[in-house]
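Here is a short report on one protein model.

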Amino acid sequence: MGGVMTKQKKDFLNLLDYTGKEILELINEAIELEKNPIQNVLAGKTLAMIFEKSSTRTRVSFETGMYQLGGNALYLNSQDTQIGRGEPIEDTAKVLSGYVDGIMIRTFEHSKVEELAKHASIPVINGLTDFSHPCQALADLKTILDLKGKFKGLKTTYLGDGNNVAHSLMIGCAKVGMDFAIGCPKGYEPDSEVVEKAKAIGAETGATITVTNDPTIAVLNADIIYTDVWASMGQESEQKERELAFADFQVNSKLTAYAKEDYHFLHCLPAHREEEVTAEIIDGPHSAVFPQAHNRLHVQKALLKKLLA
């Protein structure tokens, strides 16, 4: 795994590599950067952005973030680079380390990000893998803090597939001492190792971690309700099968009635209205999905400042 290098952390691959204190420091820095967005701390620095999965929020937020911090971002998709023609990740890592100051990659296998970080002499940021999405979780935590002013004593409920977003959110909640529940159909639970790690962290921070196949139990007394699409990129062929499996996990007014009256709704976007969430909820007064999306910019700038400045 990425994580501790000689004097400071080099990479941002997984929230497991960061302490609760470090996560809070990043969020506090993001709050400051939201107030003072234009800072010239990365003048002359370049971030290479490798995209093997398409993106709206990740690309625009990282590119804008580098610009606002005085640096430059290079967009590279797999067709534009030799990775797409079979160049080993190790060689790409070593070559890019001589040109740019950091690499952000959005890809499929988590092992690819780890391999890149292992061979790069510059910081590597996980912009998303099939296993984790730590940048999204940072934005989610900042959004919850913006809305509620605290983490302790709150319950965040995630409904749907135990996927990359669920993994990072679960670890993030455990690290900051916030209760986390996930409701998912049988066979779609999160990775058991991630659950065990989150429970161990929660035992130290006071956070309870619950995994259930009953959506009403998951949502009961929730302060935050969170969902994601039922079929992620690469799972389109499973769409119909997943629609049947996830039907009872749709975030709708019937289910949100079990949450606290002042609950907030979050979604990492893009959303499919009337599938995983009804339009009434995502476009209603409880929804904070657009401030949540905008927080990607602020937390990633905090991250870029920490790793590259």
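Among contacts between residues at least 6 apart in sequence, 74% join residues at least 24 apart. Contact here means heavy atoms within 4.5 Å. The model is predicted: local features need pLDDT of at least 70, side-chain atom pairs count only at pLDDT 80 or more, and totals for chains, interfaces and linings use all residues. Residues are numbered from 1 along each chain as its sequence is written, and side-chain values use heavy atoms, with hydrogens and water left out.

**Overall fold**

The protein has 12 helices and 9 strands. These are DSSP runs, numbered from the N terminus: helices are H or I with at least four residues, strands E with at least two. The C-alpha trace spans about 55 × 40 × 35 Å along its principal axes. The radius of gyration is 19 Å, which agrees with the value near 19 Å for a compact globule of 309 residues. That radius is taken over C-alpha atoms, and the globule rule is 2.2 Å times the number of residues to the power 0.38. Of the 309 residues, 59% are buried. Buried means under 20% relative accessible area, exposed over 50%, and partly exposed in between (1.4 Å probe, protein chains only).

**A buried strand residue**

Ile105 sits in strand β3 (residues 102–106). Its relative accessible area is 0%, so Ile105 is buried. Beyond neighbours within four places in sequence, its contacts include Ile50, Val113, Leu116 and Leu128. Ser192 lies 87 residues away in sequence and 25 Å away in space, C-alpha to C-alpha.

**Charged pairs**

Side chains of opposite charge can pair when their charged atoms come close. The count is 18 salt bridges. Each is a side-chain nitrogen of Lys or Arg within 4 Å of a carboxyl oxygen of Asp or Glu.

| Pair | N to O distance |
|---|---|
| Glu32 – Lys35 | 3.5 Å |
| Glu90 – Lys94 | 3.0 Å |
| Asp262 – Lys148 | 3.6 Å |

Asp262 lies in the loop between α10 (253–256) and β9 (264–267), and Lys148 in helix α5 (residues 134–148), so this pair ties together parts 114 residues apart in sequence. Asp262 is partly exposed, at 47% relative accessibility.

Glu32 and Lys35 both lie in helix α1 (residues 20–35), 3 residues apart, about one turn. Glu32 is partly exposed at 38%, while Lys35 is exposed at 56%. Glu90 and Lys94 are 4 residues apart in helix α3 (residues 89–97), about one helical turn. Glu34, Lys142 and Asp146 are linked in a network of salt bridges.
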